[in-house]
Amino acid sequence: MTPTGRVTRSPLHLAPLLLLLALGACGDNPKPTADAGIGDGGTEQPDAGTEQPDSGTEQPDAGTEQPDAGTNQCGTSLLPFAEAVANKALLQDTSVDILERLRAIPGLTVQENPNGARVPTGYRFFIMQYDQPADHSRPECQRFQQRLTLLHTSDTAPMVLYTGGYYVSVSPGRRELTSLLSANQLSVEHRFFLPSRPEPADWSQLTLQQSAADFHRIVQAFKPLYGGRWLSTGASKGGETVVFFRRFYPDDVDATVAYVAPIARKDDARFPAFQDAVGGTAQAACRERIHTFQRTVLERREEMLGLLRAYAQEKGLTYTQLGFEKALEHAVIETYFAFWQYNSPANCDLFPGSEATGAELLTRMNEEVGLATFADNGTSGLGHYAPYYYQAAVELGWPRPYEAFLGSLIHFPDTDTAPVYSPPGLPLVFRDQAMQDIQDWVSTQGERLMFIYGELDPWSAAAYSLGGARDSYLYEVPGGNHGSNISRLPDEQFSQAYETVRRWAGIATTGLKHAPPARVEPQFEEFAPHLPPRLRQRTAP
């Protein structure tokens, strides 16, 4: 070191450092194209035997400072990045216990049923965290731990890759496909839903492509253990997510079943039109009964605001982001949407008329949509579902509020929207082509896709169009809501759909006699904005 404190380096030292600068500076890496996806975390690993900087040459004097390798724009050392390489022979050795093989997956930490949950017969249950890049185009930069769970039954059984699109439950539960196929089930928490969030969080990394790359790396990591057919599935936002994953990595899984999955637009006008006529003439009286309820609440605004404030104080909730008046209006608007999404016309008489007390009106809204949904805090509030609202505001789209019929009773028109619910202070630039790109892919290149919708579910207003998708199917459950599944289809369609998923899963469908499967009860997602309190699971994510 010179007297001025400057480190001197010979040209031999400068050469490898300049090379590392060219290869390792995060900010200089080119972004991938949409068709290429974002980073291929599981392929083309750097060769561990390639030339490394020669640490044995031109060492400085023992008594002086070591040369500073410098840092890149990640703030990390300028060293070549290489993903750890799995021992595939161990992963594929079925004589080794599955827990040991799981622990051999690089970047995966595993616990077997740490909470002592009741596990379905014939299964083992694991809670796991998988090391992921925050930005798949810059894997040498920030990382985070993505939470997964696994229900394991057999190395050779099909694998169902499931996501709800939000949190992942730490309680074992089989989805419909898992039950119908006696399959394994790998469940994935969506990025940015805690604890699966980089810290500090760069929300610009919460995109369709980054999420798809998460799933790609997970599938590549687990496929050596599970060599059978893979089917991806999810409902609502989870259904959207698995379709997005197929668009960017179409060959990672063999088929996809997406339940009640919308493909919405910005301020989507199809939703009010659907709600205005939902159920047709048969449900005209039910629609008007709910409309009368909504008008009654807003006509008694001051009384209802007082009750909402008292409810917030009792439950320890704050309404800073929306304010109480806006929160009340949104609860009124969303009560109608939530009823058709989660309830049945048979229960329409639960809505009281103008003779009801304020407390009765508030209770009915709370039971249908959950007043805590519009609060800042709590396990159903805006903060808890901030990643969803952000995604909707920049890529997923959102329904236009169904409120015009309420006229002057609405004081804050056009505010029941994703941008209003999104985390304050984040830039929100909607990417109009994001959803159109997905629909175009389904229509022109989609293959082995199945969509299930409910006739009365408002989200069916934004159903996918199959177009020219090959070996693909779309079914609608008559009278169905957001819990619609294969098991609720009429007998003939149920048999068709069941045989299709068996074929996709590589299970013989001809020449063998098999008993028809037990139908699975409708399954609402455990986690979702505006989910009625009666449907929320008691187990926290």
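1. F339 is buried, since its relative accessible area is 0%, where buried means under 20% relative accessible area, exposed over 50% and partly exposed in between, with a 1.4 Å probe and protein chains only. W340 is likewise buried, at 2%.

2. This is a predicted model, in which local features need pLDDT of at least 70 and side-chain atom pairs count only at pLDDT 80 or more, while totals for chains, interfaces and linings use all residues. Residues are numbered from 1 along each chain as its sequence is written, and side-chain values use heavy atoms, with hydrogens and water left out.

3. A search of the whole structure finds 27 aromatic pairs, counting rings of Phe, Tyr and Trp (its six-membered ring) whose centres lie within 6.5 Å, with planes under 30 degrees apart called stacked, over 60 edge-to-face and the rest tilted. The ring centres of W203 and Y390 are 5.6 Å apart and their planes stand at 65°, so this pair is edge-to-face. Because W203 lies in the loop between β5 (184–188) and α5 (208–222) while Y390 belongs to helix α12 (residues 386–396), the pair ties together parts that are 187 residues apart in sequence. W203 counts as buried at 13% relative accessibility, and Y390 is buried at 5%. The rings of F339 and W340, with centres 5.3 Å apart and planes at 85°, also form an edge-to-face pair.

4. One aromatic cluster is formed by Y166, Y167, F193, Y385, Y388, Y389, Y421 and F527. Over the ring of Y166 sits the charged end of K237, 5.4 Å from the ring centre, the criterion being NZ of Lys or CZ of Arg within 6 Å of the ring centre and within 35 degrees of the ring normal.

Key
Helices (H or I, at least four residues) and strands (E, at least two) are DSSP runs, numbered from the N terminus.
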